[in-house]
Amino acid sequence: MIYLDYAATTPVAREVADIMYQVLTEQFGNPSSQYRIGLEMKKQMELWRKTVADALDCDPGRLFFTSCGTEGDNWAITAALWHNRRLGRHIVTTAVEHSAVLEPCRWLERQGYELTVLSPDSQGNLTAEQVLEAVRPDTALVSVMLVNNELGNLYPIADIARGLAAKNPQTLLHTDAVQGFLKVPCSARNLGADFITLSAHKIGGPKGVGALYISPRVKLPKPLLAGGGQEGGLRSGTEATAQIAGFSKAVELRRDGLAEKLRHMELLKAYAVERLASIPDLKILSTGGAPHILPVSLEGWPSQNIVNDLGSQDIFISAGSACHRGKSSHVVAALGLPKKVAGGAVRLSFGPETTTAEIDACADALRVHHDTRMPML
Ligand code: PLP
């Protein structure tokens, strides 16, 4: 198998699976139980929280575990609107956000909120000025992702935060850092966002766990889930201790030699750009800022056919985000590219384990697809 879809999800390392197994079978106490194994687990939870918080450079007391990145995005949006309910009902976001941001925003629009959706340029770039221009006195929330999951573009969150502080300090800023965490500089202190969403399964952690950072200036919102009072009373429900242990272990492993891992992915991306350049009709859509995502288009060849053809050879790449399940990508559509280019867009994404031999195999398969299949777009 050649797996080049690390932006969709990643395998877990043996150490991650081991700690999860141990927590499930031995350290299985409920952190709310008042006897030894419960109290020990409560302490352990805080150590795991600290590991993730340290990697995000934030106060562990402001980091809340969630069930996934989608939950973090949804929660940030509702919490920001609750906090600023007297300020206004205007939201600024971008056309290239993940559906976990865009769908709740669209739902809110149907409930009477006003939505400004900014479009990037044809390379997927977006400036802080563009975002700040859209901000009004009644803007309750700005939500802009740190790294785009289909293009790899990096967005200027710290500049947006600084601009908001000058223009409209009450407006809260959310960034979906699911694709940025441990891939690009991602310090809560430096980003200056009020909410930062993370997800474990993009960095070698298990699926089904994430975290949301909420800055101290946000009045803690009404609980997302009311009940037993876990996660500081904001998100009740018995903690997913094994998932959280796996998340923490994945963070620990990823941070070990992180600079070399990132350098490896950067070099791979450069290698892939060079290797793919020889394929006729292949266009690089964005070289972006993140080291692990490379969007390309085989102009004229429908992306789903490419994905299926390569998939039949056990080479896994994607046509846009995995969450689209075959629907055409709203992110690529937002670039306003000609139909032939947009229709042929596929994403290659890498992990620390990816090799140049895997890129070679993928490039060869794309070349064969080009040479043997009829263009249809
Ligand atoms: N945000 C971005 C940018 C993503 O890439 C993803 C996953 O694809 C999500 C949010 C959703 O994360 P999760 O799969 O943990 O719900």
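Predicted model: local features only at pLDDT ≥ 70, side-chain atom pairs only at ≥ 80, totals over all residues.
Local features need pLDDT of at least 70 and side-chain atom pairs count only at pLDDT 80 or more, while totals for chains, interfaces and linings use all residues. Residues are numbered from 1 along each chain as its sequence is written, and side-chain values use heavy atoms, leaving out hydrogens and water.

D176 also reaches the ligand. One of its polar side-chain atoms lies 2.6 Å from a ligand nitrogen atom. G69 uses its backbone: an N or O atom there lies 2.8 Å from a ligand oxygen. The protein covers 92% of the 390 Å² of accessible area that the ligand has on its own (Shrake-Rupley method, 1.4 Å probe).

In total, 14 residues surround the ligand (a heavy atom within 4 Å). The closest are G69, T70, D176, S199 and K202. The shell divides into four nonpolar, seven polar and three charged residues; Gly counts as polar here. Helix α3, residues 69-83, gives the largest share, three residues. Helices are DSSP runs (H or I, at least four residues), numbered from the N terminus.

Now follow α3 to its partner. It packs with helix α4, residues 99-110, at about 40°, the axes 8 Å apart. Axes are lines fitted to C-alpha atoms over the stretch in contact, and angles run from 0 to 180 degrees between N-to-C directions. The crossing is right-handed. From α3, the contact takes T70, D73, N74, I77 and L81; from α4, A100, V101, P104, C105 and L108 (heavy atoms within 4.5 Å). Seven of these residues are nonpolar, two polar and one charged.

Definitions and conventions: Polar contact = N/O pair within 3.5 Å; in protein donor to acceptor, adjacent residues only side chain to side chain. Helix = DSSP H or I, 4+ residues; strand = E, 2+ residues; numbered from the N terminus. Left-handed = near helix turned anticlockwise from the far one by under 90°.
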